[in-house]
Every structure is written in structure tokens, then in C-alpha cells.
Amino acid sequence: MVATTVSTGEGWSSRSAFILAAVGAAVGLGNIWRFPTLAGESGGGAFVIVYIACVFLLGLPLVLSEIFIGRVGQTDAVGSIRRVAAQSQASPGWSVFGAIGALAAFLIVAFYSVVAGWVLYYVSVMGMDLVQAIVEGDPLRGALAGESREQIQQRLGDMFANPLLLIVVHLLFMGLTFYIVARGVSSGIEKAATYLMPLFFFLLVGLVIYGAIEGDIGDAVAFLFTPDWSKLTPQVMNSALGQALFSLSLGVAGLITYGSYIKEGSGLGPTAGLIAIADTTVALLAGLMIFPIVFAVGLDPAAGPTLVFQTLPFAFQTMPGGALFGFLFFLLILVAAVTSSISLLEVPTAYGIGERGWTRPKSAAIFGGGAFLIGIACLLGYNVWADVRPLGFWSLFAETDILDTVDGFTGKVMLPVGALLTSIFIGWKADENLLRTTTGLSPWAFGLWRFLLAWLCPLAVAIILVTGLFPSIL
Ligand code: PHE
């Protein structure tokens, strides 16, 4: 017997609204903070090329699979998978990967909001600096005038040492995410994407042009696109694969949930392609925005996670217009983070509505509130709970603080498991006719899609999973 599922009944007002919201979900901290960090640490070109291959050979087929499930299911991820399974004579037990995805999305939004809170703090620091520059009659001066490099870098450490500040910015960001999700699909999520995504692209293009004029674009292009194959270690391939999943928001059932709000029409192939192309373009543009600035002032591209918070503010100090463009830079990251965090909170929220019969505001409040509390534990890991190692018994996470444990466990375990089950389900179990008619793919594209899903995706994702969990076998 197939369990009945309440259809959430909400929908996008148009196909382009869906695309905008889905691109907004994909484009986030992953593109502007994580991608340049990894590319910088992994030596540039070789990582970038493997990453692009992963996006199109593994990511794109999975993007289409998730949208397909949502489009057919028309309800939350668990209910949608159950419906596809019922129409394919497959076991309803497959819906477990919808539940894993919803749990992963819930955990990710907890620490995502903490990191976005840091960005919010930097927006306010740079914003006040800009106001001061304007008041002093020098709006085009460099950022944080008069501060030494140590003072600029120390700001991050001071922020981490201040739990109250971290809680306030986390609360503000989570509150905003909750507010948008509680308003619903068309009047909340869609509206936010319609205003924020054009703002995002405008800022991005402006900052890339600024970097090209004031920075060292030649070195940046050489760094990002000249592969040094000797740098291509198994770890680099592993992190490129993982980054492709994270950046396209795969494995958390986010695109199943967003796909369920598509009310009519087929032809999902071009839509999926557009999402993958837009997400990759933004990641590359983010690299072309950040590295010219880093190279212009002779800084280290391999600075790691602090690249954005310590390296760049110092770079903006030495550049003309740095006060203005530094502020716009952090605003850009904040905008990207909002459109992603709402997609994360939407997954468990839809689950509460579809599977538990809760109202939308109640469901968003329960999951948003729960994620807020988990986020507090994450941020206390930077100060009062600095010694806590939640999975310390597991050698992989023995040295990992609370936030990095939640990040690592979701990214290295839950996302690959979700992606693996999705590819097996669509590659082997789903009804072929249903797939053909819903996706509207041409015969050769359909054949290629199913081949990649049935063979390449499960193998490659299984490799990420195993090498991610047992790095010693490499
Ligand atoms: N894709 C988002 C980003 O790049 C992050 C994300 C991961 C969002 C997983 C949803 C699910 O920032």
C-alpha cells in the first residue's frame, strides 16, 4: 500500500521563476567562498578542470534527476520519491533518501547561517567604514584606512572570541531565512529570488570589472586555467567531486523540493543545463573576481578558509575604491547566501507540511528554530566549547571542532549517500516511460543521461564516499 501524501499545493508563477530560485539555491557560499578557497589550496588549473568535468558528467545528470522526481511527485521530497517509486513498481523504501536529504539540509542550514552571520558582520564593518569615508569626503579611498595588516586580520579572531556577537548575527540571518520561507513559495522564496538574483549578478559583474581594472587579471587567468597536472592528487580529485555536489546543492533533496513546485510543462533537460551552467559560470567569475585582487597585492592564493575574511579586506585597503568595493563584495556574498539558505530550510519545511500535516509557518519555525540551536553549538565551538570534538571517537573527525564536524559529516557522508541513492534509483529503478515523457529528452540525450546515472555517477560517487571516509587507503 502506498501511503497517502498531502500535496503542498504551492507553485512557482512561471518557469523562469523556478530557474531563478534554483540558480539562487545553487549559487552561494559554495561558489564565492568555498570554490576559490579550494582552487587556491589545490593549485588552480588542474582542480578547476576536474571540477568542471565533475559538474557536467556527474552533477548535471543528478540535477535533472532531482527535478524529475519533484516534478512527478508534486510534494515534499519523501512523498515525491514515494510517488515515483509507486509509478515505477519500486519499493516505497526508496523514499529514505528524501529523509536523509531533509536531515542533511536541516544540519547544513544550521552552520551555513553561522558562516553567513560572519559575512553579515563584515558587511556592517565595511559599511560603517564606507560611511566614514563618505563623511570624510573621500569615498574612493581604500578600505579600513589607518589600520595595520595585523589589526585587519585580528578582526576575525576578535569576532570568533565574542559568542554574543556571533549569536546576534546568526540570529539575524536565520530570522531572515525563516521569514522568507514562512511566507511561502511564490510570495516568499520566489519574490526573494526575483529581487536578489539580479542584484547579485549586477554586483558580481561590477566586481569582476573592478578586479580586471585594478587587479592582476593576467596572473589570475593563468592560475585558474593553466593546469599543472602534477598537482592532480587523489585528494584534489576527491575535493573537486565533493565541491561539485555541494555547489549544485545535490544530495539534500533541494531540487526535488523546488522541482515539486513546477506545475506544468515538460522539457526539463534545458532547465537543468541552465542551472549547471549558471552555477559554474558564477564560480569561475568569483575566481576571476578574487584572484586578480589577491595577486595584485602579492598575497597568497592558498590562504585557505580565511582568504575571504582576512586576505581580501587587507587587499581592499591597498586598492583605490577599496572601501566601496570591499563593502559591495561582502554584500554580494550575503545576497548569495540568503537565496541558498532559504532553499535549505525549505526542504525540511516541506517535509513537515507534506508528511506531518503542519502549517507552513509552524514547520518553518520548528526546523528554523532547531537549526538555530544547532548553529549556536557550532559557534560556541569557536570560543567556550573550543575543545569539544563531537565525533572525536572517529579518527576522521578526531581533531574537528563542532562546526567543521557538522560540515564534514554532511558533506563527506550525507551528500554523497543522497547522491548515490538518487543515481541508483533513477538509473536503475525508475520507470523508463515516465522518465522519457517527463524530461522530454531526445533519444540520444536520454541514452547518455541514463548511462551516466546508471554507471558513472554511482561509481564516482562511491569513490568519493569511500576515499572521503577512509583517506588512509589513498
Ligand atoms: N549550493 C550552495 C552553495 O553553493 C550550498 C548548498 C549545499 C545549498 C547544499 C543547498 C544544499 O553555497
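Two residues are said to be in contact here if their C-beta atoms, placed from the backbone, lie within 7 Å. Helices are DSSP runs of H or I with at least four residues, numbered from the N terminus. The structure is a predicted model, in which local features need pLDDT of at least 70 and side-chain atom pairs count only at pLDDT 80 or more, while totals for chains, interfaces and linings use all residues. Residues are numbered from 1 along each chain as its sequence is written.

Leu62, Ser65, Glu66 and Phe68 in helix 3 meet Ala419, Thr422, Ser423 and Ile426 in helix 16. The axes of these two helices, helix 3 and helix 16 (residues 402-429), come within 10 Å and cross at roughly 70°, where axes are lines fitted to C-alpha atoms, for helices over the stretch in contact, and angles run from 0 to 180 degrees between N-to-C directions. Helix 3 and helix 16 are therefore roughly perpendicular to each other, a label given to angles of 65 to 115 degrees.

Helix 3 (residues 45-73) also crosses helix 4 (residues 77-87), at roughly 85°, with axes that come within 8 Å. This pair, helix 3 and helix 4, is therefore roughly perpendicular as well. On the helix 3 side the contact is made by Ile69, Gly70, Val72 and Gly73, and on the helix 4 side by Gly79, Ser80, Ile81, Arg83 and Val84.

The expected span of a helix is 1.5 Å times one less than its number of residues.

| Helix | Residues in helix | First to last C-alpha | Expected span |
|---|---|---|---|
| Helix 1 | twelve residues | 17 Å | 16 Å |
| Helix 8 | 30 residues | 41 Å | 44 Å |
| Helix 12 | 29 residues | 43 Å | 42 Å |

Helix 8 (residues 185-214) has a kink of about 25° at Leu196, shortly before the proline Pro198; the bend at a residue is the angle between axes fitted to the seven residues ending there and the seven starting there. Helix 12, for its part, is followed by Gly298, whose phi is positive, near 65°.

**Burial and the nonpolar core**

A residue is buried if 20 or more other C-beta atoms lie within 10 Å of its own, exposed if 12 or fewer, and partly exposed in between, with C-beta atoms placed from the backbone. Helix 1 is mostly covered, since ten of its twelve residues are buried, and what covers them includes helix 8, helix 10 (234-247), helix 11 (254-259), helix 12 and helix 14. Among the buried residues of helix 1 is Ala22, which, leaving aside neighbours within four places in sequence, is in contact with Leu255, Tyr258 and Ile275.

A nonpolar core is a set of buried Ala, Val, Leu, Ile, Met, Phe, Trp, Tyr and Cys residues joined through C-beta atoms within 7 Å. The largest such core has 171 residues, and those with the most contacts inside it are Ala22, Val63, Ala105, Val119, Ile333 and Leu334. Helix 5 (residues 96-135) gives the most to this core, with 24 residues.

**Two individual residues**

Thr439 is found in helix 17 (residues 432-439) and is buried, with 22 other C-beta atoms within 10 Å. Not counting residues up to four places away in sequence, Thr439 touches Leu64, Phe68, Ser266, Leu268 and Gly269.

Met159 lies in helix 6 (residues 149-160) and counts as partly exposed, with 18 C-beta neighbours inside 10 Å. Met159 and Asn383 are 224 residues apart in sequence, and their C-alpha atoms are 9.9 Å apart in space.

Terms used
Angles under 35 degrees count as roughly parallel, over 145 as roughly antiparallel, 65 to 115 as roughly perpendicular and the rest as oblique.
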